[in-house]
Amino acid sequence: MHERNDGARLDAAEIGAELGERATLLQFSSAFCQPCRATRRTLAEVAGMVEGVAHVEIDAEDHLDLVRRLEVLRTPTVLVLDADGAIVRRAAGQPRKADVIGALGAAVRD
């Protein structure tokens, strides 16, 4: 997961779900994407381990304006948002659990 500080910020209305109290794992998926299923499991597991972290999955095809604005080129793409909805990390492809946990460290402020 690499750092992304382009000032992009997302809110609950844009992603169709409440942001996590401490951070949000935002996953862009598509219908027939095998790695998306494994990514969903990984992100849900991590979100369940860390208090105040939400996992939100978005169907890329249903949110093309957002996909274009954020330059999502493939699924799965995972964005890690801080409590204010700012994008702090981003990864394309299926992430490893350890990488997701590490990326959350950059987003979660105590």
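This is a predicted model: local features need pLDDT of at least 70, side-chain atom pairs count only at pLDDT 80 or more; totals for chains, interfaces and linings use all residues.
Let's start with S4, which covers residues 77–82. Six of its six residues are buried, so the strand is largely enclosed by the rest of the structure. The burial applies to both faces: Thr77, Leu79 and Leu81 are buried on one side, and Val78, Val80 and Asp82 are buried on the other.

## Partners of S4

S4 pairs with strand S2 (residues 23–29), and the two run in the antiparallel sense over six bridges. S4 also pairs with strand S5 (residues 87–92), again in the antiparallel sense, this time over five bridges.

Leucine 26 stands opposite leucine 79, while in S5 the bridge partner of leucine 79 is arginine 90.

## The disulfide

The model has one disulfide by the distance rule used here. Cysteine 33 and cysteine 36 form this link, with an S to S distance of 2.1 Å. The torsion about their S-S bond is about 85 degrees, so the disulfide is right-handed.

How exposed or buried are the two ends, cysteine 33 and cysteine 36? Buried means under 20% relative accessible area. Cysteine 33 has 8% and is therefore buried, and cysteine 36, at 1% relative accessibility, counts as buried too.

Technical notes:
Residues are numbered from 1 along each chain as its sequence is written. Side-chain values use heavy atoms; hydrogens and water are left out. Buried means under 20% relative accessible area, exposed over 50%, partly exposed in between (1.4 Å probe, protein chains only). Helices (H or I, at least four residues) and strands (E, at least two) are DSSP runs, numbered from the N terminus. Two strands pair if DSSP finds at least two bridges between them. A disulfide is a pair of cysteine sulfur atoms within 2.5 Å.
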